Amino acid sequence: MTLDALTDVAGVRVGHATRTGNGMLTGTTVVLAPEGGAVAAVDVRGGGPGTKETDALDPRNLVQKVEAIVLTGGSAYGLDAASGVMAWLEERRRGVRVGPDPAHVVPVVPAACVFDLGRGGDFRARPDAATGRAAVEAASASAPGTAVPQGCVGAGTGAVVGALKGGIGTASVVLASGITVGALVVANAAGDVLDPETGVLYGELFQGRVEYPDAGRHEEALRYLARAAERNAPPPLNTTLAVVATDADLTKAQAQKLAGTAHDGIARAVRPVHLLNDGDTVFALATGERPLDAASPLALNEVLAAGADMVTRAVVRAVRAAESVDGPGGVWPSYGELYGGGGTP
């Protein structure tokens, strides 16, 4: 039985640290690879990214595997969360071996951030090393194949998409070959996920089960969104982050291709996308448990297509799982409040 989540990829775990109240509306999410690491790559398309250790993932460079990936709120300040994850990994001797002593390791922890500063009311309330440590501890404490909490948790706590509340979403699929592909997304976009003409989520147009909202309810929702937008400062920076994982045996170059094509999944669900004030970043992880069909030079294609599809589904699930926020930092209604049908389809 699958969970329709990133954790359907065997050995991959997810942990959230959520910070709310006292001016905070932010958090950190850690994707923890199986011990020994997973092949990793990244593709950055947004014009304003906030990242750490992404150069190490270039296929031309030395590091082949990573133990964890950090997604965090707090803009560039929040990248401090990765330090807490590094310390936790070092204590467990997980990282790149750099000396004769097994304790001589350097954990390479790629990280990316979303802009959520001030959304809880306090601009200085942001994730730190302790937040990152709490998130990786939560991931480690979870049993294999555990369901992933979605909505306003972890790095999605302060996420916003257009004028709507955003959050965390996840999805997965088992392909005919037996390979599993999953995605986890932090939906926090300057663009919209909502078609202004109909009220349909753009991402659902690709899922074959579109239900158009009642026209009267849609008009009421647009008026509510307009009133809420008047109370909010324009978002200067936003970012959608994703991790796509698979149990396929991929090289770093193949994993980078997977990260790149997965951006198509964001583009289906968010319009416009990859703007100068976005930092859209997709990481790919491959655990290597299932070989690709060596007789087919195009065997990777089904994995690439699935990665993009799962990212689109994860964006939709993030928006549908989100809960409304009305606080000192702003007002962001949820899709479920405006149109009904909340939850995670």
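Visitor: Which strands does helix α5 lie across?
Guide: This is a predicted model, to begin with. In it, helix α5, residues 300–321, lies across β12, β13 and β14. The helix runs at about 145° to β12.

Visitor: What order do the strands of the open sheet have?
Guide: The order is β5-β3-β15-β14-β13-β12. That makes six strands, with mixed pairing.

Visitor: And which strands stand at the edges?
Guide: β5 and β12 do. Each has a single partner strand, so one side of each is left without a neighbour in the sheet.

Visitor: What about helix α4, which strands does that touch?
Guide: Helix α4, residues 252–269, packs on the sheet and touches β3, β14 and β15. Its direction makes about 45° with that of β3.

Visitor: Back to β13. Is the strand mostly covered or open?
Guide: Mostly covered. Eight of its eight residues, 180–187, are buried. Both faces are covered: Leu 184 is among the buried residues on one side, and Val 185 is among those on the other.

Visitor: How many bridges join β12 to β13?
Guide: Eight, and the two strands run antiparallel.

Visitor: How many bridges join β13 to β14?
Guide: Six, again antiparallel. Gly 182 has Ala 245 in β14 as its bridge partner.

Visitor: And what stands opposite Val 181?
Guide: Thr 246, in β14.

Conventions: Residues are numbered from 1 along each chain as its sequence is written. This is a predicted model: local features need pLDDT of at least 70, side-chain atom pairs count only at pLDDT 80 or more; totals for chains, interfaces and linings use all residues. Side-chain values use heavy atoms; hydrogens and water are left out. Buried means under 20% relative accessible area, exposed over 50%, partly exposed in between (1.4 Å probe, protein chains only). Helices (H or I, at least four residues) and strands (E, at least two) are DSSP runs, numbered from the N terminus. Two strands pair if DSSP finds at least two bridges between them. Contact means heavy atoms within 4.5 Å. Axes are lines fitted to C-alpha atoms, for helices over the stretch in contact, and angles run from 0 to 180 degrees between N-to-C directions.
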